[in-house]
Amino acid sequence: MGHCRLFSGVGKVRYCLCTLRPSSQMLVGTFVKQALVIGNGGRLVHTSRLNDVNKKILLLIRSSRLEDARALFDRTSNRNNVTWNSMLSGYVKGREIVQARKLFDRMPQRDVVSWNTMISGYLACGRRYLEESRLLFDVMPERDFVTWNTMINGYAKNGKLDEAFGMFNKMPERNVVSWNVMITAFLQNGDVGRAVDLFEKMPKKDGVSVSALISGLIKNGELDEAFRILQKMQLEGDNDIDLVHAYNTMIAGYGLKGRVDDARALFDKMLLGDGKRLKTNLVSWNTMIMCYVKSGLIVPARDLFDQMMERDDFSWNTMISGYTSKADMQGASYLFRNMPNPDMLSWNLMISGFAQMGNLELAHDFFRRMPQKNLVSWNSIIAGCERNRDYEGAIKLFSQMQLTGMKPDRHTMSSLLSVCAELVAPHLGMQIHQLVIKIFIPDVPLNNSIITMYARCGAIIEARDIFDEMKVKEVISWNAMIGGYASHGFAEEALELFGAMRKLRVQPTYITFISVLNACAHVGLVDQAKKHFQVMVDEFNIQPRVEHFASLVDVVGRHGQVEEAMDIISRMSVEPDKAVWGALLGACRVHNCVKLARVAAEALMRLEPESSAPYVMLYNMYAERDQWDDANEVRMLMERNSIWKEPAYSMVKSNH
């Protein structure tokens with residue numbers, strides 16, 4: 001034994017294999033193969049050590065520390081395919097395709113995983129790298145199902161259906177994934193006919209195949225075709241195919257289209273059951289409840305909820321959201337109190353619900369009592385303060401939010417910009433704007449909020465600067481800028497911008513024309529106002545709203561055409577409101593038209609029975625014309641209706 005040279009061991013522990021039984025020798029030999037790898041400069045490197053290195057590289061990549069992963073990769077002198085593929089995968093996931101290709105070209109040995117990783121990397125970078133991925137595919141020494149399916153999917157996602165289908169037909173052998181990928185490709189590109197045809201030809205289907213087809217048909221608006229296939233699959237009776245997920249998808253599809261009765265019929269069919277192929281699960285119940293909630297049918301949703309034998313957080317939160325959407329905070333509160341473990345979404349729903357119905361005190365109470373807050377919690381309470389005109393409260397909350405270290409998002413900034421606009425606080429608004437620039441690259445909605453804020457604060461030049469800098473503008477952007485000009489009396493600029501908007505063929509909305517008509521009213525452009533009103537109706541097919549009529553009555557009446565203003569009111573397609581009658585009364589006051597002033601004043605008295613303004617204005621008009629009998633009649637009417645003069649209004653004293 002002393003002369004035996006066949007030793008095995010790790011570290012200082014060594015075994016002489018000759019002394020061991022054959023079975024033990026085999027075990028130790030296997031251990032040797034696993035524990036010892038490459039000799040490097042007379043030094044043995046353990047597989048376990050390399051495994052640790054590979055794990056560290058993967059961990060660094062998952063933590064988005066790609067440079068650190070590469071540094072560790074470079075320090076590792078002995079690498080295996082796992083090491084190379086891990087680093088290659090890191091570059092691909094990080095969309096560093098050039099670095100990935102350099103590494104791929106340096107690999108001493110490539111396996112199928114290496115080739116597939118590189119091909120998928122090129123395809124993930126879009127259409128411009130399609131050819132590169134195809135070149136690799138063509139020279140690849142050995143392909144597997146993943147290779148073919150990846151290429152088919154890559155062509156399909158880039159809209160090259162013929163190439164995808166051509167590759168599908170060339171496959172030496174197809175698995176169920178290949179069929180599913182091709183069927184999904186047709187559906188994603190709206191080719192429902194070929195998708196269904198391929199599905200029918202599919203030799204072996206599974207639950208994923210059916211669900212993918214049903215989902216794709218629903219997205220293409222083919223609900224009836226989806227239902228036909230689902231029925232056919234059930235009648236064919238393939239017990240290997242689980243149809244539960246497909247049925248749940250179909251129920252959700254009906255719910256999205258508002259076909260709640262059809263959804264319930266399917267759900268009831270599942271309740272009857274069909275062995276393992278068809279029976280309700282928790283998802284089925286949740287989906288059906290969601291259908292009811294989205295359609296505003298809270299009673300049947302609650303009835304179904306109460307029948308549930310098992311509930312999860314989604315079940316409770318769906319019902320709570322249903323009650324909050326209906327402003328039924330009593331129902332929401334009852335469920336919240338009885339929910340076993342309310343999660344963050346539950347708390348946020350309650351905060352948002354109370355804020356929406358104007359109960360800020362309870363919204364704050366729930367916010368304070370939350371065991372843990374996330375960004376949605378802060379945004380909900382800040383937006384609630386903004387919606388309920390507690391602007392100072394919104395600003396204080398934002399300050400507290402910053403102290404906690406919570407970073408704001410675009411929704412936070414949008415609420416704060418609205419607060420600044422309502423407070424007409426340009427300096428604060430400018431600070432918020434600077435913060436937006438520091439944290440984000442402003443997108444279109446955020447830029448729209450900034451424009452609105454500056455415009456309402458009277459900083460028209462700053463608003464226009466942001467507007468002009470925007471590379472992409474939507475109709476809201478134009479409306480914000482035109483509205484800003486109009487509200488501050490810059491009628492010429494507002495109308496000029498509206499002209500530019502039309503030249504660029506941006507489709508205006510009813511809000512656009514409110515601003516345009518207001519601009520005309522500010523400077524008395526009667527003919528322009530009439531023309532734009534007709535353009536709105538005839539050219540853009542926008543039904544006039546009460547705001548449009550109010551502006552038109554205002555501009556026509558102010559110009560002295562009081563009878564025409566009354567004629568516009570009599571022909572209105574909507575019920576005139578206080579703004580319309582107020583515009584007429586104001587015009588009558590300016591042009592001393594007492595007869596129509598009385599009509600307008602009486603209409604305002606009906607609409608605002610507690611307001612003294614129409615009484616006072618009509619009284620003063622009579623007094624100025626020395627019609628004291630009529631004036632005293634108005635005074636007596638005020639006394640009879642218990643109307644007291646508001647401090648802002650004065651009445652000419654009668655000497656009679």
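These legends accompany close-up views of one predicted model.

**Before you start.** Local features are given only where pLDDT is at least 70, and side-chain atom pairs only at pLDDT 80 or more, while totals for chains, interfaces and linings use all residues. Residues are numbered from 1 along each chain as its sequence is written, and side-chain values use heavy atoms, with hydrogens and water left out.

**View 1. The protein chain as a whole.** Of the 656 residues, 46% are buried, where buried means under 20% relative accessible area, exposed over 50% and partly exposed in between (1.4 Å probe, protein chains only). Among contacts (heavy atoms within 4.5 Å) between residues at least 6 apart in sequence, 56% join residues at least 24 apart.

**View 2. Helix 16 against helix 17.** Helix 16 (residues 282-294) packs on helix 17 (residues 298-307) at an angle of about 160 degrees, and their axes are 8 Å apart. Axes are lines fitted to C-alpha atoms, for helices over the stretch in contact, and angles run from 0 to 180 degrees between N-to-C directions. Angles under 35 degrees count as roughly parallel, over 145 as roughly antiparallel, 65 to 115 as roughly perpendicular and the rest as oblique; helix 16 and helix 17 are therefore roughly antiparallel. Helix 16 contributes Trp285, Met288, Ile289, Tyr292 and Val293 to the contact, and helix 17 contributes Pro300, Ala301, Leu304, Phe305 and Gln307. These contact residues divide into 9 nonpolar, 1 polar and no charged (Ala, Val, Leu, Ile, Met, Phe, Trp, Tyr, Cys and Pro count as nonpolar, Asp, Glu, Lys and Arg as charged, and the others, Gly among them, as polar).

**View 3. Phe336 with Trp347.** The structure holds 19 aromatic pairs: rings of Phe, Tyr and Trp (its six-membered ring) pair if their centres lie within 6.5 Å, and planes under 30 degrees apart count as stacked, over 60 as edge-to-face and the rest as tilted. Phe336 and Trp347 form an edge-to-face pair, 4.9 Å centre to centre with 85 degrees between the planes. The pair links Phe336 in helix 19 (residues 329-338) to Trp347 in helix 20 (residues 344-356), 11 residues apart. Both Phe336 and Trp347 are buried.

**View 4. Tyr485 with Phe490.** This edge-to-face pair joins Tyr485 and Phe490 at 6.2 Å centre to centre, with 70 degrees between the planes. Tyr485 is buried, at a relative accessible area of 7%, whereas Phe490 is partly exposed, at 34%.

**View 5. A ring cluster.** Phe165, Phe168, Trp179 and Phe186 are linked into a cluster by ring pairs.

Key: Helices (H or I, at least four residues) and strands (E, at least two) are DSSP runs, numbered from the N terminus.
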